[in-house]
Amino acid sequence: MKSNKFLKFTRDNFHIYKNSCTMFLWVLSAILNILGNTFGMIYLVLAFLPIVALAILLTNERKNTDLQ
């Protein structure tokens with residue numbers, strides 16, 4: 001199966017800048033939660049997506065994917 005260049009780039013950058021990416025996703029989730037409390041349910045649903053992305057990136061560690 002051909003590897004998607006964008007996903008590979010995102011995964012590699014996440015591992016290089018793990019703390020920055022984690023903080024960005026947590027802040028994005030918090031902002032969407034605040035908007036959800038103010039404007040409605042759609043923002044609360046969207047607030048869950050950065051946490052899902054963070055979980056996917058954290059479970060895809062290099063030690064699990066390296067072939068060396």
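Biologist: Let's start with Ser29: is that residue buried or exposed?

Modeller: Residues are numbered from 1 along each chain as its sequence is written, and side-chain values use heavy atoms, with hydrogens and water left out. Buried means under 20% relative accessible area, exposed over 50%, and partly exposed in between (1.4 Å probe, protein chains only). Ser29 has a relative accessible area of 2%, so Ser29 counts as buried.

Biologist: Which residues is Ser29 in contact with, leaving aside its neighbours within four places in sequence?

Modeller: Ser29 sits in helix 2, residues 18-39. Contact means heavy atoms within 4.5 Å. On that basis, and skipping those sequence neighbours, Ser29 touches Ala47, Pro50 and Ile51.

Biologist: Stepping back, what pattern does the protein chain follow along the sequence?

Modeller: Helices (H or I, at least four residues) and strands (E, at least two) are DSSP runs, numbered from the N terminus. The protein chain has four helices and zero strands. Reading along the sequence gives α-α-α-α.

Biologist: At what angle do helix 1 and helix 2 pack?

Modeller: Axes here are lines fitted to C-alpha atoms, for helices over the stretch in contact, and angles run from 0 to 180 degrees between N-to-C directions. Helix 1 covers residues 5-16, and its axis is 5 Å from that of helix 2, at an angle of about 105 degrees.

Biologist: Why is helix 1 called roughly perpendicular to helix 2, and which residues of helix 2 make the contact?

Modeller: Angles under 35 degrees count as roughly parallel, over 145 as roughly antiparallel, 65 to 115 as roughly perpendicular and the rest as oblique. The packing angle is about 105 degrees, which makes this pair roughly perpendicular. Helix 1 brings Asn13, Phe14, His15 and Ile16 to the contact, and helix 2 brings Lys18, Cys21 and Thr22.

Biologist: Which residues of helix 3 make the contact with helix 1?

Modeller: Helix 3 (residues 41-59) packs on helix 1 at about 80 degrees, with axes 10 Å apart, so this pair is roughly perpendicular too. Helix 1 supplies Arg11, Phe14 and His15, while helix 3 supplies Leu54, Leu57 and Leu58.

Biologist: Where in the protein chain is confidence lowest?

Modeller: The average pLDDT is 77, and 84% of the residues score at least 70. Where pLDDT is low, the predicted coordinates should not be read in detail. Helix 2 has the highest confidence, with a mean of 84, while the lowest, a mean of 56, belongs to helix 4 (residues 62-65).

Note on methods
pLDDT = per-residue confidence, 0-100.
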